[in-house]
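I opened my notebook to look up one chain, feature by feature. My entries follow in the order I made them.

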Amino acid sequence: DKIYSATEVVDIELAGHRIITYLLGRLLEAVLHPEEYASRLLLHKIPEQYETDAPDRYGRILSVLDHVSAMTDVYALDLFRKLNGHSLPAV
């Protein structure tokens, strides 16, 4: 009853949930299946400070969680748009 639930705030929260869920799914899929072509392309977008090629599955998953948790809202939204084809460079 005491949670702020203005329409605009709820819309942003729902969009944020969708963005984070999508990014986690795509990045986890990439580190768990790095042999796939799309995974290799996506892994190149992750900064080298994150150990996406860790020797164990736990380390690779942790690298994705670290990367996503360090994203700013603007960066996460930009990456989401690019991965969905909504924001492409001019050709």
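**Entry 1: the elements**

In what order do the elements of the chain run from the N terminus on? I read them off as α-α-α-α. I counted 4 helices and 0 strands in the chain. Helices here are DSSP runs of H or I with at least four residues, strands are E runs of at least two, and both are numbered from the N terminus.

I noted how the values were made. The model is predicted, so local features need pLDDT of at least 70 and side-chain atom pairs count only at pLDDT 80 or more, while totals for chains, interfaces and linings use all residues. Residues are numbered from 1 along each chain as its sequence is written, and side-chain values use heavy atoms, with hydrogens and water left out.

**Entry 2: the whole chain**

I looked up the span of the C-alpha trace. Along its principal axes it is about 45 × 40 × 20 Å. Next I checked burial. Of the 91 residues in the chain, 26% are buried. Buried means under 20% relative accessible area, exposed means over 50%, and partly exposed lies in between (1.4 Å probe, protein chains only).

I then turned to contacts, meaning heavy atoms within 4.5 Å. Among contacts with a separation of 6 or more, 50% join residues 24 or more positions apart. The accessible surface of the chain is about 6900 Å². Carbon and sulfur atoms hold 58% of that surface. Accessible areas come from the Shrake-Rupley method with a 1.4 Å probe, and for residues only the protein chains shown count as cover.

**Entry 3: the salt bridge**

How many salt bridges does the rule give? I found 1 salt bridge. The rule asks for a side-chain nitrogen of Lys or Arg within 4 Å of a carboxyl oxygen of Asp or Glu. The partners are aspartate 78 and lysine 82, with their closest N and O atoms 3.1 Å apart. Both lie in helix H4 (residues 73-83). They are 4 residues apart, about one turn of the helix.

**Entry 4: helix H3**

I started with tyrosine 58, which is in helix H3 (residues 57-70). Its relative accessible area is 60%, so tyrosine 58 is exposed. Tyr58, Leu62 and Leu65 form a nonpolar patch on the surface. Together they have about 310 Å² of accessible area. A patch takes residues with over 30% relative accessible area and no salt bridge; like charges are joined within 9 Å, and nonpolar side chains (Val, Leu, Ile, Met, Phe, Trp, Tyr) within 5 Å.

Serine 63 is in helix H3 too. Serine 63 is buried, because its relative accessible area is 4%. Beyond four places in sequence, serine 63 contacts Tyr50, Glu51 and Thr52. Serine 63 and glutamate 51 are 12 residues apart along the chain, yet their C-alpha atoms are 5.5 Å apart.

I also looked up histidine 67 in helix H3. Histidine 67 has a value of 4%, so it counts as buried. Setting aside residues up to four places away, histidine 67 touches Leu27, Ile46, Pro47, Tyr50 and Tyr75.

**Entry 5: a loop residue**

Where does threonine 52 lie? I found it in the loop between helix H2 (37-43) and H3. Threonine 52 is buried, because its relative accessibility is 16%. Leaving out residues up to four places away, threonine 52 touches Val31, Leu43, Ile46, Arg60 and Ser63.
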